[in-house]
Amino acid sequence: MAQDTTVSKLDFKYWLDKATEWGQATTLESQKDVCRHLPQLQEFLQQIYATLKHMNSVVAIQQFPLIGQLLGRLCWNPFVIGYDESQKILMSCLCCLYSSEPQNPVELKANSWIRSLLCHLLSSSKWESNEAGTNTFISALGYTSADYYSHLVKNMVSSLVTELRGNQFNGLNIRGRESDSRLSEISLFCVPLITLPDLTPLLETLLLCHGGASQELLSSEFLEAVNEAILKKKISLSESAIFSLWLRHLPSLEKATLCLLDQLVSIQTTSLEEVACVIKDSLLPQAAIHPAIFIIIDEIFKSALLETDGAPEVMTIIQVFTQLFVQAHQNENKLHKFPLKAYFSRCHQPLLMALLRRPSAMHCSRHLKYISKMLKTLVEDESIRSCDDLFFEIWFLIARFGEWLDVAAEQLLKGSAEPDALLWLLAFYYSPQNENQQRTQTMVEAGEIYNQLMRLFNCTALSVKDLQDAVHKTDIKQSGTHYLATHLLTNFLLFSSGGHMIAQEYISHMSGTRDASKEVCSLLLRAAYRANRSGEGDQRAAKLVNELLQKLTAEL
């Protein structure tokens with residue numbers, strides 16, 4: 001074992017001691033301890049199997065002289081063999097130890113022992129009985145062992161579901177400590193069997209069951225195991241059961257949200273439709289209809305945004321999530337719908353209502369001017385400026401509904417709006433921390449770049465140098481101007497007469513760093529998503545967006 005790099009002596013001794021301590025898990029304490037360790041134990045057994053499968057039985061025994069004790073003890077622990085893939089892994093390990101050509105009495109005895117363990121595991125089918133004559137009785141009923149135990153499981157689940165629903169129906173007031181304790185025991189019993197399909201009705205009943213106690217009655221091991229199985233797509237539960245899990249167990253909701261963020265940040269996509277599909281599949285936008293869930297998800301999003309220093313891919317995820325949440329809220333039954341103030345309690349309600357309107361070609365410029373004017377009034381209010389948290393909430397509200405910012409940049413380049421109000425809106429988003437004087441400087445710099453771009457907007461013969469010279473005429477001193485200029489330039493390339501011809505070359509110039517590439521990629525993704533959702537837009541621009549996205553994602 002000294003030469004083995006996969007399974008250390010300390011790990012092996014730790015799990016052998018645990019298996020000895022647990023025995024057949026006949027006490028409540030030992031059962032709880034087994035349940036807490038099941039995922040790590042399965043991972044260890046996988047490491048053991050990965051090592052054993054490359055050895056013959058003689059070498060395996062030399063490397064792991066106590067392997068028989070460990071496997072033997074675990075095979076008789078019903079919680080271990082009932083958990084996920086553990087029974088299958090144990091059988092695989094035993095098969096590795098079996099001597100195909102036994103050379104001595106010791107190997108013959110070992111083979112006999114292995115056969116008896118394999119028979120025990122095969123006959124258990126996750127449910128084990130030691131009663132004499134059971135197999136004869138099963139045969140007399142006309143069942144195979146597998147059929148019999150399957151029916152046994154279904155009957156047991158049905159009985160427990162009836163018991164739990166009966167307690168709920170009788171009312172919470174008559175539930176005593178004994179009944180609450182029963183609920184906790186049943187949930188703990190389910191932990192090693194959560195992935196068993198026949199157990200689904202019991203899992204859902206437990207999750208939807210609420211006792212009279214103020215504290216959580218279901219064991220934390222149960223709630224964590226169910227959430228893990230959901231996230232890994234090992235079980236499928238109703239939406240109401242999943243929402244109930246997240247409402248009653250905060251760590252599960254936090255883990256589901258963080259897993260979604262990790263998944264979305266790690267994938268490379270050329271379509272926000274794909275991002276939207278992943279978000280909807282997580283059920284988090286639908287679950288966020290419950291204000292308590294929305295508030296937790298929102299806080300996690302804020303933390304992620306601050307920790308990544310406003311990473312564009314995180315901001316885009318938040319914007320798509322917000323759109324899906326608003327859609328789910330609008331589809332909610334009006335009798336049970338919470339008012340929007342329950343979700344955005346700290347936000348300026350008139351501004352929220354203005355941002356909730358979907359952008360459309362008609363009255364779009366006028367509505368943007370209205371949003372900009374209202375926002376400017378709020379930002380310049382001393383009572384708001386002096387409160388950092390409230391000021392951040394206003395900025396984050398604008399950021400959540402970032403589609404209006406993209407529309408503002410597009411309207412500016414198409415010359416269909418008064419530029420000052422729209423430039424101020426973009427300047428606030430990209431430089432929220434600026435004082436009035438600094439924002440005025442940002443406005444001056446952005447205005448100069450905007451005017452230069454508008455002079456070139458209708459030029460059909462345009463070179464990269466022409467565009468570079470136009471941008472570099474402005475002496476940029478404010479950091480926010482760089483991001484604002486990138487937003488304007490991206491839209492210029494998409495919608496101007498000559499921009500299409502130099503788009504690929506100039507995008508490469510703009511995306512000199514990885515961060516810049518991500519910024520441009522997010523802008524292009526949102527442009528394509530907006531066009532697809534509205535069914536409007538220039539088809540030539542849409543085609544160009546797809547080409548540029550493929551190029552950028554390949555470089556990233």
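Which residues lie nearest the centre of the largest pocket?

## The largest pocket

In this predicted model, the largest pocket is lined by 39 residues, and those nearest its centre are D309, G310, Y430, Y483 and E519. On a 1 Å grid over the protein atoms alone, a pocket is an open set of points with protein on both sides within 12 Å along at least five of seven lines, a cavity is a set where a 1.4 Å probe fits but cannot get out, and lining residues have an atom within 4 Å of a point. The volume of the largest pocket is about 1,300 Å³, where a volume is the space filled by probe spheres set on the grid points, which are joined across faces, edges and corners.

Two or more lining residues come from each of helix 17 (291–307), helix 18, helix 22, helix 24 (419–430), helix 26 (464–472), helix 27 (479–495), helix 28 (499–510) and helix 29 (514–534), with helix 27 giving the most, seven residues. Helices are DSSP runs of H or I with at least four residues, numbered from the N terminus. By class the lining divides into 19 nonpolar, 12 polar and eight charged residues, where Ala, Val, Leu, Ile, Met, Phe, Trp, Tyr, Cys and Pro count as nonpolar, Asp, Glu, Lys and Arg as charged, and the others, Gly among them, as polar. Domain 2 (249–345) and domain 3 (374–555) each supply at least three residues to this lining, the domain bounds coming from an automatic or database domain assignment.

## Basis of the model

Residues are numbered from 1 along each chain as its sequence is written. Because the model is predicted, local features need pLDDT of at least 70 and side-chain atom pairs count only at pLDDT 80 or more, while totals for chains, interfaces and linings use all residues; side-chain values use heavy atoms, leaving out hydrogens and water.

## Helix 18 against helix 22

Helix 18 (residues 312–331) and helix 22 (residues 388–400) pack at an angle of about 75°, with their axes 8 Å apart; axes are lines fitted to C-alpha atoms over the stretch in contact, and angles run from 0 to 180 degrees between N-to-C directions. The two helices are therefore roughly perpendicular to each other, a term that covers angles of 65 to 115 degrees. M315, I318, Q319 and T322 of helix 18 meet W395, F396, A399 and R400 of helix 22, contact being heavy atoms within 4.5 Å. These contact residues divide into five nonpolar, two polar and one charged.

## The second largest pocket

The second largest pocket has a volume of about 590 Å³ and a lining of 26 residues, of which P39, Y83, E224, A225 and E228 lie nearest its centre. Helix 2 (28–52), helix 12 (220–231) and helix 14 (250–266) each give two or more residues to this lining, and helix 12 gives the most, with seven. The lining has nine nonpolar, seven polar and 10 charged residues. Domain 1 (12–97) and domain 2 (249–345) both contribute to it, so this pocket lies between them.

## Cavities

The count comes to four cavities of 30 Å³ or more. The largest cavity, with a volume of about 100 Å³, is lined by 12 residues, of which Q323, E403, D406, R526 and Y529 lie nearest its centre. Helix 18, helix 23 (403–413) and helix 29 each give two or more residues to its lining, which has three nonpolar, four polar and five charged residues.

The second largest cavity has a volume of about 50 Å³ and is lined by D406, H487, T490, N491, L494, L523, R526, A527 and R530.

Methods. Parallel < 35°, antiparallel > 145°, perpendicular 65-115°, else oblique.
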